[in-house]
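Here is a short report on helix packing and the nonpolar core. Please keep the sequence and the model in view while reading.

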Amino acid sequence: MTTLTPQKPAIPQPGGDVTPAPEPRPAPEPRPAQDPAWRELVDAVRAAGQYPTRSEAESVTRVVLSALGGHVVGDERVDLARALPEEAARVVASQIPATRSLTAAEFVDSVAARIEGATPATARWDVSSVLSVLPPLVGDELVTRILDQLPPGYALLFGRAELTPAA
């Protein structure tokens with residue numbers, strides 16, 4: 001009885017040489033159990049936004065933090081990433097800084113474009129649901145520094161009144 005041993009397919013090369021096919025990549029390791037702080041953040045967003053499922057709240061959290069990560073720069077971005085749970089910090093820090101600042105309304109519209117079926121009204125709800133849970137998590141001082149960096153109009157998205165100095 002003959003036993004056949006599977007062989008790697010050969011890949012023809014210019015000039016008639018043959019090289020073996022590359023080794024298949026190993027399967028990615030399973031992700032470790034989620035950080036409890038990330039779960040708490042998602043749960044806070046779920047409660048604030050009254051999302052029916054944890055999955056929906058997590059998706060919205062990722063989209064909004066991703067959008068925010070492109071608009072917060074410098075020390076504030078670094079400090080924000082340090083103050084957030086590890087998974088949230090990765091989402092923020094992985095974004096390429098935006099080339100121009102968006103108004104608050106444009107920011108909401110950019111989030112609406114990232115969420116299937118979203119309207120400006122639902123996207124504003126989503127943005128506010130995520131950003132309004134950040135001040136207790138990252139601290140009011142950091143939120144103030146972030147707001148100083150962003151165009152007017154973002155304070156309301158963070159659950160703060162937008163105060164303008166008297167003339």
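## Helix 2 against helix 4

Helix 2 and helix 4 form a right-handed crossing; the near helix is turned clockwise from the far one by less than a right angle. Helices here are DSSP runs (H or I, at least four residues), numbered from the N terminus. The model is predicted: local features need pLDDT of at least 70, side-chain atom pairs count only at pLDDT 80 or more, and totals for chains, interfaces and linings use all residues. Residues are numbered from 1 along each chain as its sequence is written, and side-chain values use heavy atoms, with hydrogens and water left out.

The two axes of helix 2 and helix 4 lie 7 Å apart, at an angle of about 45°. Axes are lines fitted to C-alpha atoms, for helices over the stretch in contact, and angles run from 0 to 180 degrees between N-to-C directions. R62, L65, S66 and G69 of helix 2 meet E87, A88, V91 and V92 of helix 4; contact means heavy atoms within 4.5 Å. By class, this contact of helix 2 with helix 4 has four nonpolar, two polar and two charged residues. Asp, Glu, Lys and Arg count as charged; Ala, Val, Leu, Ile, Met, Phe, Trp, Tyr, Cys and Pro as nonpolar; the others, Gly among them, as polar.

## The nonpolar core

The largest nonpolar core has 41 residues. Such a core is a set of buried Ala, Val, Leu, Ile, Met, Phe, Trp, Tyr and Cys residues joined through side-chain atoms within 4.5 Å. Buried means under 20% relative accessible area, exposed over 50%, partly exposed in between (1.4 Å probe, protein chains only). L65, F107, V111, L131, L134 and F158 touch the most other members. Helix 2 gives the largest share of this core, seven residues.

L65 also belongs to the helix 2 side of the contact with helix 4. Beyond its neighbours within four places in sequence, L65 contacts W38, L41, A88, V91, V92, V130 and L134.

## Helix 3 against helix 8

Helix 3 (residues 74-83) and helix 8 cross at roughly 145°, and their axes come within 10 Å. Helix 3 contributes D75, E76, D79, L80 and A83; helix 8 contributes L142, R145, I146 and Q149. The residues of this contact divide into four nonpolar, one polar and four charged.

## A44

A44 sits in helix 1. At 30% relative accessibility, A44 counts as partly exposed. The C-alpha atoms of A44 and S132 are separated by 9.6 Å, with the two residues 88 apart along the chain.

Key: Helices (H or I, at least four residues) and strands (E, at least two) are DSSP runs, numbered from the N terminus.
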